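The sequence and structure are shown first.

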Amino acid sequence: MTTACKGHPWVAAGLDLMMFPLRHLRGKVVGEASGKVLEIGVGTGMNFSRYGDIEILHGVEPDPFMLKRAQQRAREVDLKIELVDAGAEDLPWPDNYFDTVVATWVLCTIPEPARALEEMCRVTKPGGRLLYVEHTRSHGQRAQRMQDRLNPLWNRIAGGCNLNRNSVDLIRDSGYEELQVKACGSEEWTLLPVYRGTAIKPA
Ligand SMILES: C[S@@+](CC[C@H](N)C(=O)[O-])C[C@H]1O[C@@H](n2cnc3c(N)ncnc32)[C@H](O)[C@@H]1O
């Protein structure tokens, strides 16, 4: 399966650097994955080396420039990895297939995040987990106004990322339950509040 995504060559080239300050959070999230794992929007594959003892990692990534870098990274780690050119809104797996679904800083960018979450939940086994770390909408009203103002520019330079999207609320409103949310930094004023946690597909 292939997508019609043209991709963002410059964002793909700069992603590792842009995400560098957040690298300490990756292991905390993906290190919890187990069994058959699906990673949504793998980017350049920065999570690959941080997985523990999992059965297999399947990844989707619709941007060809990201995917090429991720394929290179996949060859460098000792992990069974299969990457697919696909968007999260239309996942090419049957229902109840994965033990764990991983989303790191990706719900901000997916064009139809509610539909993506529906698909992610569909392919998760009953009792299986979503592990996530996402930046989201700020709490403070001043910061929210600033996010709204900056978003059109940010969206263009950051490969479709939305600064003001409430990704955690989107998870809360999805088919997953038992949402756990942990703040990863200072929340009131920052334009990039980051949260991580888990949610479970009801049995
Ligand atoms: C900020 S990057 C994060 C990449 C990676 N998850 C990480 O943690 O480094 C957002 C990623 O979402 C991907 N993306 C965009 N649209 C998507 C979609 N419809 N389904 C899945 N991933 C998508 C982008 O191509 C990009 O790789």
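## Strand pairing

Strands β1 and β2 run parallel to each other and are joined over 5 bridges. Within this pairing, Lys36 lies opposite Ile56 of β2. The model is a predicted one.

On pairing with β3 (residues 81-84), β2 is again in the parallel sense, here over 4 bridges. Gly59 has Leu83 of β3 as its bridge partner. Between β2 and β3 the chain passes through helix α3 (residues 64-76), and this β-α-β crossover is right-handed. Strand β2 is mostly covered, with 4 of its 5 residues buried.

## Nonpolar cores

The largest nonpolar core comprises 36 residues. Those with the most contacts inside this core are Ile40, Val101, Val102, Ala103, Met120 and Leu130. Two or more residues each are given to the core by α2 (23-30), β1 (36-40), β2 (56-60), β4 (98-104), α4 (113-123), β5 (124-135) and α6 (167-172). Helix α4 provides the largest share, 5 residues.

## Helix α4 and its packing

The buried residues of α4 are Pro113, Ala116, Leu117, Glu119, Met120, Cys121 and Val123. They pack against β1, β4, β5 and α6. Apart from its neighbours within four places in sequence, Met120 is in contact with Ile40, Ala88, Val101 and Leu130.

## Phe98 in strand β4

Phe98 belongs to strand β4. Phe98 counts as buried because 24 other C-beta atoms lie within 10 Å, where 20 or more are required. Residues up to four places away in sequence aside, Phe98 touches Lys36, Val37, Leu38, Val123, Thr124, Lys125 and Gly128.

Phe98 and Leu57 are separated by 41 residues in sequence, while their C-alpha atoms are 9.7 Å apart in space.

## Ligand surroundings and Gly43

The ligand is surrounded by 22 residues, of which the closest are Gly41, Gly43, Asp63, Gly87 and Thr104. By class, this shell consists of 13 nonpolar, 6 polar and 3 charged residues.

Gly43 is located in the loop between β1 and β2. Gly43 is classed as buried because there are 25 other C-beta atoms within 10 Å. Its contacts, leaving aside neighbours within four places in sequence, are Leu15, Glu61, Met66 and Ala70. Of these residues, Glu61 is 18 residues from Gly43 in sequence and 6.5 Å from Gly43 in space, C-alpha to C-alpha.

## Residues with positive phi

Trp105 has a phi near 50°, a positive value in a residue other than glycine. Trp105 is placed in the loop between β4 and α4. Trp105 counts as buried because it has 23 C-beta neighbours inside 10 Å.

Glu178 likewise has a positive phi, near 50°, and is a residue other than glycine. Glu178 is found in strand β6 (residues 177-183). Is Glu178 buried or exposed? Glu178 is exposed, because 11 other C-beta atoms lie within 10 Å and a residue with 12 or fewer is counted as exposed.

Note on methods. Residues are numbered from 1 along each chain as its sequence is written. This is a predicted model: local features need pLDDT of at least 70, side-chain atom pairs count only at pLDDT 80 or more; totals for chains, interfaces and linings use all residues. A residue is near a molecule or strand if its C-beta atom, placed from the backbone, lies within 6 Å of it. Ala, Val, Leu, Ile, Met, Phe, Trp, Tyr, Cys and Pro count as nonpolar, Asp, Glu, Lys and Arg as charged, and the others, Gly among them, as polar. A nonpolar core is a set of buried Ala, Val, Leu, Ile, Met, Phe, Trp, Tyr and Cys residues joined through C-beta atoms within 7 Å. Two residues are in contact if their C-beta atoms, placed from the backbone, lie within 7 Å. Two strands pair if DSSP finds at least two bridges between them. A crossover is right-handed if, with the strands pointing away from the viewer, the path from the first strand over the helix to the second runs clockwise.
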